[in-house]
Amino acid sequence: MTAGAVEPWAMRGDTDHTADVGLVRPGMVAGGVATVLVMLWYADLLQALEAAVTAWTARLIGLEDAYQVGRSVLFTVDGQATGIDITVGCTAAFLLLPFVAATTVLLAVRRIPAVRAFTSLATAVLVILAVNQARMLAITAGMAHWGPEVGYARTHVLVGTAVSTLGVVLAGTAYLLVLLRGTYQSPAVDPRDLEEAHR
């Protein structure tokens, strides 16, 4: 591009010099806002999906009669019917909301390439989902080992909080590592552009 030329708005380059055609980026921002709203509005559906996965993992550790009912996972420990309820505060969606919101803001201000922003978000999603399932597994395993009441009391507050905190820290670290990869590298300058600018 020669000095003084104005790049059309519809084809303005992203920070990684990839074209941002027309309303693509505004559409991405709208999609991010819609995602946050859907996660809030359909929180019960997300809780039910996590309960289904938790029931499956509970069967893997020996709770063979574990099954899902709505957002709850029911099973038997020492002949006693018990289970856990996945509340809004326990779901992975609650932990993911800040990452979705941050990605939406980054897309809106055009400070980070869209592909990198989405890759960062995908990384955080995978980490949060894995860690939150580990948390649920720790709670069900504790209930199976120590009994429903004692096991839940020992794992839900202590182990559960520690695992959730670790998960958010790991997800945040992974998010930033992917997001900032190569951000501070100086872009290559074509010597011919410098010659044109000095003429």
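User: How many salt bridges does a search of the whole structure find?

Analyst: This is a predicted model, in which local features need pLDDT of at least 70 and side-chain atom pairs count only at pLDDT 80 or more, while totals for chains, interfaces and linings use all residues. Residues are numbered from 1 along each chain as its sequence is written, and side-chain values use heavy atoms, with hydrogens and water left out. A salt bridge is a side-chain nitrogen of Lys or Arg within 4 Å of a carboxyl oxygen of Asp or Glu. Searching the whole structure on that basis gives 1 salt bridge.

User: Which residue forms a salt bridge with R71?

Analyst: The closest N and O atoms of the pair are 3.2 Å apart, and the partner of R71 is D85. The two belong to distant parts of the chain, 14 residues apart: R71 is in the loop between strand 1 (67-69) and strand 2 (72-77), and strand 3 holds D85. Strands here are DSSP runs of E with at least two residues, and helices are runs of H or I with at least four, both numbered from the N terminus. The partner is therefore a carboxyl-bearing Asp, as the term requires, namely D85.

User: Which elements give two or more residues to the lining of the largest cavity?

Analyst: On a 1 Å grid over the protein atoms alone, a cavity is a set of points where a 1.4 Å probe fits but cannot get out, and lining residues have an atom within 4 Å of a point. The largest cavity has about 50 Å³ of space, a volume being the space filled by probe spheres set on the points, which are joined across faces, edges and corners. Its lining consists of I84, D85, I86, C90, M136, I139, Y152 and H156. The elements asked for are strand 3 (80-85), helix 4 (114-146) and helix 5 (148-179).

User: What is the space in the second largest cavity, and which elements give two or more residues to its lining?

Analyst: The second largest cavity has about 40 Å³ of space. Among its lining residues are L95, I128, R135 and V168. The elements that give two or more residues to this lining are helix 4 and helix 5.

User: How far apart are the end C-alpha atoms of helix 4?

Analyst: The expected span of a helix is 1.5 Å times one less than its number of residues. Helix 4 has 33 residues, so it should span 48 Å, and this agrees with its end C-alpha atoms, which are apart by 48 Å.

User: Which residues form the nonpolar patch on the surface?

Analyst: A patch of this kind joins nonpolar side chains (Val, Leu, Ile, Met, Phe, Trp, Tyr) within 5 Å, from residues with over 30% relative accessible area and no salt bridge. Accessible areas come from the Shrake-Rupley method with a 1.4 Å probe, only the protein chains shown counting as cover. Together the patch has about 580 Å² of accessible area, and its members are V38, W41, Y42, L45 and L49.

Terms used
1 Å grid on protein atoms, 1.4 Å probe; cavity = no way out; pocket = protein on both sides within 12 Å on 5 of 7 lines; lining within 4 Å. Patch = residues over 30% accessible without salt bridge, like charges linked within 9 Å, V, L, I, M, F, W, Y side chains within 5 Å.
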